[in-house]
Amino acid sequence: MINVFQPTLGDEELAAVSEVFSGNWLGHGPRTKEFEEGFAAHLGVDPAHLVFINSGTAGLFLATELLGLGPGDDVVLPSASFVAAGNAIAATGARPVFCDVDPRTLNPTAAHIEQVLTSRTKAVLVLHYGGHPGEITAIADLCREKNVTLIEDAACAVASTVEGTACGTFGDLAMWSFDSMKVLVTGDGGMLYVRDAELAARARRLAYHGLAQQSGFAAAKVSHRWWELNVRDFGRRVIGNDITAAIGLVQLRRLPDFVARRRAITETYDRLLADADGIVLPPALPEGHTSSYYFYWVQLDPAIRDQVAADLLDSGVYTTFRYPPLHKIPAYLAAASDFPGTESSSENTLLLPLHQGLDDTDVHTVATALRKAVEQRTAQLGE
């Protein structure tokens, strides 16, 4: 089976984990700090504003907690979002308010967001679909103008930029995911960015039981009774550890090569499918934008999309669609909705395999199988 997502791991990662084992400290420690510093350099921010945590989802929940969201607050997000974003908002008692997306990019525009802002809007939460930055600069400007907090779900955008500025650093808070399906993987893990220094310090406390002074290997001994607790916040434990951080450090070094290979695969798909009838390719990146090339999506006639996906699966090519509209999920079912871009894209979009482990033969196999399936299903539709 040619998978949609697949990590690239090898001897370097094994050696890094072995070193952690040899040191006999597996928890939150020196490699965690080193990974935070390395990722901060990758983003171009101060490492004091980053916290390595156990998942991107934990970062979403922590962000809503840091903002003190609750009943009476609205948070705007595209309906085409991962369910964790909606869950993080709703769990606080705040109301998720959905907006539409562009049917080709599957990213919201600033206009889409502005249409649903209210006097109760406390935050806007956007992602960068498939690693494409979208209108993040305009959205950040809008949020500053309206005095609304901007949260970036940058799970798809670990190496995406606009005019040299890293996605995830345009807003006030952001999180990245490093789970086993991402570009940079640590097994499970994530990174939280908080622009405000004081809030960043609180985020670090909340991520580890609310402790002002962390115990353990990495803790500085500030008292002769170091075992006593100084708890200022009611936190939980969502910090990362040295095992996953060690893997992350290797993956971070390899990230430029991963992204370069994913870009090459994207360009090959573009070339192989450029003249294919019935297949619409992803939109080109605007000038000054770079992508992490996390998704490669094609758009087909909705009448054949599902059958084409089934045909590809039968031929050994796994495809999928992300993300099903939240306004249609039972937990968030909107009484009334007008999201034409979201609804049309959810019926015609299909993600092809895209990961750095694909070789050129795999890419040609996928493209050939897709062309054949679309041609056959289109012919059947016309009969």
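The structure is a predicted model, so local features need pLDDT of at least 70 and side-chain atom pairs count only at pLDDT 80 or more, while totals for chains, interfaces and linings use all residues. Residues are numbered from 1 along each chain as its sequence is written, and side-chain values use heavy atoms, leaving out hydrogens and water.

Take the 7-stranded sheet to begin with: it is open, with mixed pairing and the order E1-E9-E8-E5-E4-E2-E3 (strands are DSSP runs of E, at least two residues, and helices are runs of H or I, at least four, numbered from the N terminus; pairing takes at least two DSSP bridges). Its edges are E1 (50-53) and E3 (95-99), each pairing on one side only. Neighbouring strands are turned by 20° on average, direction ignored. Inside this sheet, E4 (121-127) and E5 (149-153) run parallel over 5 bridges, with Val124 bridged to Leu150 of E5.

Helix H2 (30-43) lies across E1, E8 (173-177) and E9 (190-194), at about 125° to E1 (contact is heavy atoms within 4.5 Å; axes are lines fitted to C-alpha atoms, for helices over the stretch in contact, with angles from 0 to 180 degrees between N-to-C directions).

The 3-stranded sheet is open too, but antiparallel, in the order E7-E6-E10. E7 (165-166) and E10 (289-290) are its edge strands. E6 (161-162) pairs with E7 over 2 bridges, and Val162 has Thr165 as its bridge partner in E7.
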